[in-house]
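Hello,

Here is the structure I promised to hand over. My notes follow below it.

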Amino acid sequence: MTGSNGANESSGWRHVQVGSGPETIRVLKAALADQLLPDTYVSGGALVHMETISGGQVSPAADEDSPLPVTASTITPATLAGLLAEHAYVYRTRSRKDGAGGVEMYEEEVTPPRDILASVLAGKTWPKLPPLRGVIGAPVLRRDGTLLQRPGYDPATGLYLAAKVALPEVPDRPTAEQVQVARDFLLNRFLRDFPWAGPADRANYLALVATPILRHYTRSLTPFALIDATMPASGKSILTGGPGMLYGQRVLPWAYTEEELRKSITAVLAEQVGVVVWDNLAEGTVIDSPTLALLVTAGVWSDRQLGASRNIATVNDRLWMATGNNLQVGGDMASRTVRVHLDPNMPRPEQRDQTRFGIPHLDQWITLPANQLTVLWHLLILILDWTGNGAPRAAGLSMRQFTPWAQSLGGFLAHHGIDGFLTNAADVRDIDEDETRWRAFLACWHRLHGNQPMTAADLRRSGEPDHIGPGYDDNDRWDGQFITTHTGRLPNPLALGRLLTGQIGRWRGDHVIRSAKNDRGDRNVFWVERHE
């Protein structure tokens, strides 16, 4: 029997016969659950369809967005209508009079009404459809240590590999020669000419580049990556563009309010990218954000969906990075940050003779897919050599919530003889503006008052400049080190008491604030102890 558009069984489409409204809902729901549509999965209870993105940039610059070539689009009534028209023959049987006065039956291809399609999609239970856990742009290690490297859906992990570059199969056990070539390329060509401030900066960067590949294997949270330099044109954007172009990258402007930062995080987590970069922050910016501190220590990010009243929860599986010149950290970010610092130690880094570099004009070289493949291939060779030798860990490393990450990546680097990983942690504390202010304040307090208990009001009065007399300048015994509010003003006694209470027992360098009640028991007193 032939439909009005000429479709028949030989077309290869599955035929789906519908009828009344309730019957159509039942039939379509059953057909979708039976994988009627190709490349259709379930994510968070919703049906999604993998589709190729048209019109994307072929070779974006290192500091531009580099999206993955496919996206997982939530199926709506409109997209379901289009997918049914493309992949199935949906029809209903109708009757009409024939030329002999009798009745004949015929098929009429139909598009079910929008409300019917919405009802089909309304449910959240699709037990027969494969679950989609995420979309990745480069191979990753599965939890059993095998490499997910075949493009498409991987049933073992629920991940969909949308490779940005066509990668030849990587051997499970690389040869010694392949390992030596890979190490020589990465260290002596690709990373050779960056003006690393020290060995730790190169080692930290290589660990960050390998992190998206190893995240599922290590089952660990990933710290925040800070890539900064003393001068512009030092190569920061190239460093972030490396992993960004391999794994998919979204470049964001820095949000200077917590609300805007939270919104940008929620929005970017809905996109299929492996790396998020806040690029080119203003010189000297202090990264002191409770929102960001929460983000990098949360395996799942929960927030209100933009433009809706419901909350959403998204797996935090991204590498978060920021670039700028002479950046600082504050609050809880120092212990959550891995720093890569560049110092060209010259007035015009952009005038360096790039023809003498291991890879001339690296900023243009890295934008070519064939060159990205080269970097990724050699990186995977080193990783599979490490896992093939038992994936030894650096058991002595510790980094708060990121200790599993630090021990795994530290073991990977040590296996290949790359020294310095995380040895610049003290440098991160040195650029911690909050830590620096409190250290100076407590050291000056102890120098002026020793262990003498003081109320917040007494301490505040001691922070007032001494007026020597007419015609003389004010004499500040604190030499500008008295703690201030975020606006740079001296706090009043009440605000100072709150600040001090929030610091009780927290060591700042060699000093710590202690507290007790005064003799009458009606007021708190504070003093500073020094660790001898």
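Which residues do ring pairs link into a cluster? They are W438, F441, W445, W478 and F482. Rings of Phe, Tyr and Trp (its six-membered ring) pair if their centres lie within 6.5 Å; planes under 30 degrees apart count as stacked, over 60 as edge-to-face and the rest as tilted.

Some ground rules. This is a predicted model, where local features need pLDDT of at least 70 and side-chain atom pairs count only at pLDDT 80 or more, while totals for chains, interfaces and linings use all residues. Residues are numbered from 1 along each chain as its sequence is written, and side-chain values use heavy atoms, with hydrogens and water left out.

Aromatic pairs

The whole structure holds 19 aromatic pairs. Y41 and Y153 are stacked, because their ring centres are 4.6 Å apart and their planes are at 25°. Y41 lies in strand 2 (residues 40-43) and Y153 in strand 10 (residues 152-154), so this pair ties together parts that are 112 residues apart in sequence. Helices (H or I, at least four residues) and strands (E, at least two) are DSSP runs, numbered from the N terminus. Y41 is buried, at 7% relative accessible area. Y153 is partly exposed, at 21%. Buried means under 20% relative accessible area, exposed over 50%, partly exposed in between (1.4 Å probe, protein chains only).

Y41 also pairs with Y160, edge-to-face, at 6.2 Å centre to centre and 70° between the planes. Y160 lies in strand 11 (residues 159-161), so the pair with Y41 in strand 2 ties together parts that are 119 residues apart in sequence. Y41 and Y160 are both buried.

Charges over rings

The charged end of K29 sits over the ring of W126, 3.8 Å from its centre. R96 does likewise over Y106, at 4.2 Å. The criterion is NZ of Lys or CZ of Arg within 6 Å of the ring centre and within 35 degrees of the ring normal.

Helix 5

Helix 5 (residues 199-218) has 20 residues, yet its end C-alpha atoms are only 24 Å apart. A straight helix would reach 28 Å at 1.5 Å a residue (the expected span is 1.5 Å times one less than the number of residues). Helix 5 bends by about 65° at P212, taking the angle between axes fitted to the seven residues ending there and the seven starting there. Of its 20 residues, 17 are buried, so helix 5 is largely enclosed by the rest of the structure. R219 follows, with a positive phi near 55°.

Cores and helix 7

The largest nonpolar core has 91 residues, of which F190, W278, I287 and W405 touch the most other members. Helix 5 gives the most to this core, with ten residues. Apart from it lies another core, of 22 residues, among them L47, V90, V110 and L117. A nonpolar core is a set of buried Ala, Val, Leu, Ile, Met, Phe, Trp, Tyr and Cys residues joined through side-chain atoms within 4.5 Å.

In helix 7 (residues 258-268), L261, R262, S264, I265, T266 and V268 are buried. Leaving aside neighbours within four places in sequence, the contacts of W278 include L261, S264 and I265 (contact means heavy atoms within 4.5 Å).

Positive phi

N326 has phi near 50° and is partly exposed, at 32%. A391 has phi near 45° and is buried, at 9%.

Best wishes
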